[in-house]
2 protein chains.
Amino acid sequence: MNHLPLPNGFSAAGIAAGIKKKNVKDMALIVSDVPAVSAAVFTTNQIKAAPVMWGIQVVEHVGARAIVVNSGNANACTGRQGAADTKATAILAAKRLGVDPKNIFVCSTGTIGKPLPMNKINAGVETLFENLSTENGLDAAEAMMTTDLVPKSITAEIEIDGKPVRITGLAKGSGMIEPNMATMLGYIVTDAAVEKHALQCALRIATNASFNRISVDGDQSTNDTVIALANGKAGNELLTQDFKDWNLFLQTLEKILFELAMMIVKDGEGATRVVTVRVIGAASNGEADDAARSVANSMLNKTAWAGTRPNWGRIIDAVGYSSAQVQENKIDITYDAAPAVRGGMAFTEASEEELVKTVSKDAFTIHINLNLGNGEAVVYTCNCTEKYVQINVE
Amino acid sequence: MNHLPLPNGFSAAGIAAGIKKKNVKDMALIVSDVPAVSAAVFTTNQIKAAPVMWGIQVVEHVGARAIVVNSGNANACTGRQGAADTKATAILAAKRLGVDPKNIFVCSTGTIGKPLPMNKINAGVETLFENLSTENGLDAAEAMMTTDLVPKSITAEIEIDGKPVRITGLAKGSGMIEPNMATMLGYIVTDAAVEKHALQCALRIATNASFNRISVDGDQSTNDTVIALANGKAGNELLTQDFKDWNLFLQTLEKILFELAMMIVKDGEGATRVVTVRVIGAASNGEADDAARSVANSMLNKTAWAGTRPNWGRIIDAVGYSSAQVQENKIDITYDAAPAVRGGMAFTEASEEELVKTVSKDAFTIHINLNLGNGEAVVYTCNCTEKYVQINVE
């Protein structure tokens, strides 16, 4: 099995602590040898899990050193005990590293409303440190999984300031996924030296163009978190937004987050197809976004995409009840390159065969032109099969 | 088979015109012997089917005489041809009755974007008139069905101004159902004499408390229509909002629409359970409504309700991402009479057995108290099973 190349000065571990069923990895650890600059974005859900409330404090602190993750229990809606448990987890990891607990991010994902099994978490943290290695990144990605079928990770290597730099991303997410924001867990570690404010900006930009553009089921979770750590081990001059290599860094970060986001959509609970919904010609970008989300989140569309019929009526219906202004007789809809709707009606020369072929593919794009203005937006989603229901009934 | 008692002066028919597959009823007709006062509410979707655009004109006209309905084809997104086809249908029925076409409502439900098969519609209208009878109300209800499993109808008898009055309701709806508004077809016919403005008010009030409070899948259709016809055959003094029996009439109308709405939820595509989501203690009624809809439309909740676990974490999550203000530590959740959440956390004395028993019932209510203010709202929804996906993939 290949290992995941981590940037210089980072190590990781993923182990089975017994939180989920036996012998399934459920705790992960990512450690930077040296204090790292950190940036993070968190769920916009008003109900925020204890580790999210903790993370909001950690990112304000100088010199992050580690991220402790558990799956199988979200530590959400757990009150003061939940906050105390998150803090205790951070204290334990901080002791092993000889640092302040405020240098330790903690993330939880899984069932809401159950207290963390702290005896297992405590033992788990010890085992994680015993298993720390620069080779164990994949174990960490695996240990974050809940209903995910595959671990999600990616590494890029670029040159910044003449120095080789590595950026590695790990993520989990499959259900309870809707953009704004992350609605999943994502970690980006790099050995580049990056100024804190610049890193936060870059993470926000890259998140908006990736995790915030995907939707599996329209539900926003209580625990969503994306954290970036930059430890400077590459030895480059501190990256700021004015530095000549900034764009390369930002583009690489965007690419990594985008790839991770696509892995999540592809691994959407029960999903077998990735559908890109692209709206152009809206009165504004905001309206284009609303129309695209309306289409992408419609259960009638998501189930239609599990079949092999274009079913554009359900698309135009969802556009119509979105908050975007539309004029029925101006709407054009095209599947990849196959026109289906022109001026709000079935395109008379449409090739039914080509349309069926297009929507039967593993991935296709629905182009919706409202022909009203210059607003545009794109949302990435997946189809909804009976499997989605099976997974969530259980 | 029982027939549906229609009010005095109304007759109906339901026949197979060949729009759907062979020998399945797909056209309905309701006729008033004399000009009736009409009221109507229509879909708020920006994409409105041709028959909706036609109905908006008819309801402004004095003396409605008939409603022609077809299932199997929505006549939506069909442009000028669609508008001409609706008008031609009205003209045909108007000729049979010797009246102006503007006295004829036309409704269509079914597939979007396909031209109406006018040869079948034309022949169907003729057959409908040949089959008109005061005994054929149930046939009409059956002919409106699309994915409905059962026809939906109900009759009430009351005394207004000392005269016996009958109010009969027919409806169809199963998928593409979300309130605001009707997102289905509903017809109310009565022999009461009712002043037009009062009838419109009553229909609006009753719709807001019934069809606008149900949700099957959160999709608003292009064709939703509720029409009320009052032909005055009962011989009562013209009912206005000042008349002493007004409240009895309004309450009966509300009851009929509510019962029809509940039939639609119960017959939701693939549904096996009716779930009432009741939010109280919100900062405003509007916020309560938003929180209730957020819970009722969450796929994670709807699939959870197909199982037998309370899964309140998904409820509090959906409340949290709604636009309603919430304070996590104030939220209480109770299933029927079984408390599950107090102060945003699992109720320590909750009986898991009682909770499981409650959510295993055919119908139960989720009471959510935000404990912030006096706002309240209720939404009626159903669970989502694999069957829903199966139906909509096909």
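Reply: Happy to! One term to begin with: axes are lines fitted to C-alpha atoms, for helices over the stretch in contact, and angles run from 0 to 180 degrees between N-to-C directions. Helices (H or I, at least four residues) and strands (E, at least two) are DSSP runs, numbered from the N terminus. Two residues are in contact if their C-beta atoms, placed from the backbone, lie within 7 Å. Also, this is a predicted model: local features need pLDDT of at least 70, side-chain atom pairs count only at pLDDT 80 or more, and totals for chains, interfaces and linings use all residues. Residues are numbered from 1 along each chain as its sequence is written, while chains are lettered from A and ligands numbered from 1 in the order in which they are written.

Me: Great. Which strands does helix H6 of chain B lie across?

Reply: Helix H6 (residues 246–266) of chain B lies across S8, S10 (274–282) and S15 (375–382) of chain B, at about 50 degrees to S15(B).

Me: What's the strand order in the open sheet of seven strands in chain B?

Reply: The order is S8-S15-S10-S14-S11-S12-S13, with mixed pairing. Strands pair if DSSP finds at least two bridges between them. At the edges are S8 (214–215) and S13 (345–346) of chain B, each pairing on one side only.

Me: How many bridges join S11 to S12 there?

Reply: Three, and the two strands of chain B, S11 (residues 332–335) and S12 (residues 338–342), run antiparallel. B:Ile333, for instance, has B:Val341 as its bridge partner in S12(B).

Me: Switching topic: why is S9 of chain B largely enclosed?

Reply: Six of the six residues of S9(B), residues 225–230, are buried, so the rest of the structure largely encloses this strand. Buried means that 20 or more other C-beta atoms lie within 10 Å of the residue's own, with C-beta atoms placed from the backbone. B:Thr225, B:Ile227 and B:Leu229 cover one side, and B:Val226, B:Ala228 and B:Ala230 the other.

Me: Which strands does S9(B) pair with?

Reply: S2 (residues 27–42) of chain B joins S9(B) antiparallel through six bridges, with B:Val37 partnered by B:Ala230. S7 (residues 185–190) of chain B pairs with S9(B) in the parallel sense, over six bridges.

Me: Last one: how many residues are in contact between chains A and B?

Reply: 45 residues of chain A are in contact with 46 of chain B. H9(A) gives the most to chain A's side, with seven residues.

Technical notes:
Buried ≥ 20, exposed ≤ 12 C-beta atoms within 10 Å, placed from the backbone.
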